[in-house]
Amino acid sequence: MTADPVVGLASVLAGARFLPVLTVPSPASAGPLADVLAAGGATCAEVTFRTRDAERVLKEMAAHGGLTVGAGTVLTPEQADRAVTAGARFVVSPGLDEEVLAKCRELGVPVVPGVATATELMRALRTGLDTVKLFPAEAIGGLRTLRALAAPFPQSRFVPTGGIDASRMPAYLADPAVLAVGGSWPVTPDLLERGDYDEIRRLTADAVVRSTP
């Protein structure tokens with residue numbers, strides 16, 4: 001079955017406009033982390049494939065039931081396959097790879113490729129996608145770049161990620177071209193290492209409030 005990636009993503013996010021981006025070294029953290037994210041009001045999360053046990057973390061968090069979990073930093077079709085088998089409901093990539101897009105279509109899951117230029121955005125549009133990840137958002141000019149790209153491509157929707165924090169998020173979300181914002185600031189490696197789940201819950205709740213109209 002082949003899903004419409006654009007409609008599928010909006011449906012999967014179900015109105016959520018803050019997407020926590022998680023890099024979790026230990027599967028032992030997955031259950032407690034899912035608990036506090038849900039307690040903070042998050043309804044979705046992206047588990048990046050940047051660690052050895054990312055697949056297990058994703059599986060544990062997907063089994064929690066309180067979060068819609070996707071896979072991030074997906075670089076190959078094989079990773080996309082493993083992620084969906086582990087329970088990923090959507091796939092995010094830092095760049096645009098046609099083989100990854102094709103695999104996600106085959107698997108029937110929404111896919112959000114990363115773009116940083118008009119050329120990459122045009123390539124995404126040619127594949128039938130209209131929702132992309134602007135990455136790394138702040139490093140390539142932030143809102144100025146997003147608005148410059150959105151102007152000639154009004155059909156595009158963006159999920160800016162990279163360098164965005166709580167103070168910058170509302171300005172992004174105020175732009176009509178932005179579907180959601182991805183951010184890692186509520187779940188930093190330092191907070192995970194310390195097991196400071198109270199602070200993670202507090203920062204998550206603050207992000208959710210800031211992202212709610």
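A cavity is a set of grid points where a 1.4 Å probe fits but cannot get out, and its lining residues have an atom within 4 Å of a point. The model described here is predicted. The structure holds one cavity of 30 Å³ or more, and the largest pocket has a volume of about 170 Å³.

**The cavity**

- Rolling a probe the size of a water molecule over the atoms shows where empty space is left.
- The space in the largest cavity comes to about 60 Å³.
- Its lining is made up of Leu9, Leu13, Leu19, Glu46, Phe90, Val92, Val112, Lys133, Val159, Thr161 and Ala180.
- By type, eight residues of this cavity lining are nonpolar, one is polar and two are charged.

- Strand β1 covers residues 18-22, and five of the five are buried, so the strand is largely enclosed by the rest of the structure.
- Phe18, Pro20 and Leu22 point one way from β1, while Leu19 and Val21 point the other way; all are buried.
- With strand β9 (residues 181-183), β1 pairs in the parallel sense over three bridges, and Leu19 stands opposite Gly182 in β9.
- Strand β2 (residues 44-48) runs parallel to β1 and is joined to it by two bridges; here Val21 stands opposite Glu46.
- Between β1 and β2 the chain passes through helix α2 (residues 30-39), and this β-α-β crossover is right-handed.

**A three-strand sheet**

- Three strands form an open sheet in the order β6-β7-β8, with parallel pairing.
- β6 (114-115) and β8 (157-158) stand at the edges with a single partner strand each, so one side of each has no neighbour in the sheet.
- Two bridges link β6 in the parallel sense to strand β7 (residues 131-134), where Leu134 stands opposite Val115.

**The largest pocket**

- The pocket of about 170 Å³ is lined by 15 residues, of which Val21, Arg50, Thr161, Gly162 and Ser184 are the closest to its centre.
- β2 and β9 are the elements that give two or more residues to this lining.
- The pocket lining divides into nine polar, three nonpolar and three charged residues.

**Thr161**

- Thr161 lies in the loop between β8 and α8 (169-173).
- Its relative accessible area is 8%, so Thr161 is buried, the cut-off for buried being under 20%.
- Leaving out residues up to four places away in sequence, Thr161 touches Val21, Lys133, Leu134, Phe135, Pro136, Ala137 and Gly182.

**Val100**

- Val100 is found in helix α5 (residues 98-107).
- With 1% relative accessibility, Val100 counts as buried.
- Apart from neighbours within four places in sequence, Val100 is in contact with Val74, Leu75, Thr76 and Pro77.
- Val100 and Met122 are 22 residues apart in sequence, and their C-alpha atoms are 17 Å apart in space.

How values were computed. Residues are numbered from 1 along each chain as its sequence is written. This is a predicted model: local features need pLDDT of at least 70, side-chain atom pairs count only at pLDDT 80 or more; totals for chains, interfaces and linings use all residues. Side-chain values use heavy atoms; hydrogens and water are left out. Buried means under 20% relative accessible area, exposed over 50%, partly exposed in between (1.4 Å probe, protein chains only). Helices (H or I, at least four residues) and strands (E, at least two) are DSSP runs, numbered from the N terminus. Two strands pair if DSSP finds at least two bridges between them. A crossover is right-handed if, with the strands pointing away from the viewer, the path from the first strand over the helix to the second runs clockwise. On a 1 Å grid over the protein atoms alone, a cavity is a set of points where a 1.4 Å probe fits but cannot get out, and a pocket is an open set with protein on both sides within 12 Å along at least five of seven lines; lining residues have an atom within 4 Å of a point. Grid points are joined across faces, edges and corners, and a volume is the space filled by probe spheres set on the points. Ala, Val, Leu, Ile, Met, Phe, Trp, Tyr, Cys and Pro count as nonpolar, Asp, Glu, Lys and Arg as charged, and the others, Gly among them, as polar. Contact means heavy atoms within 4.5 Å.
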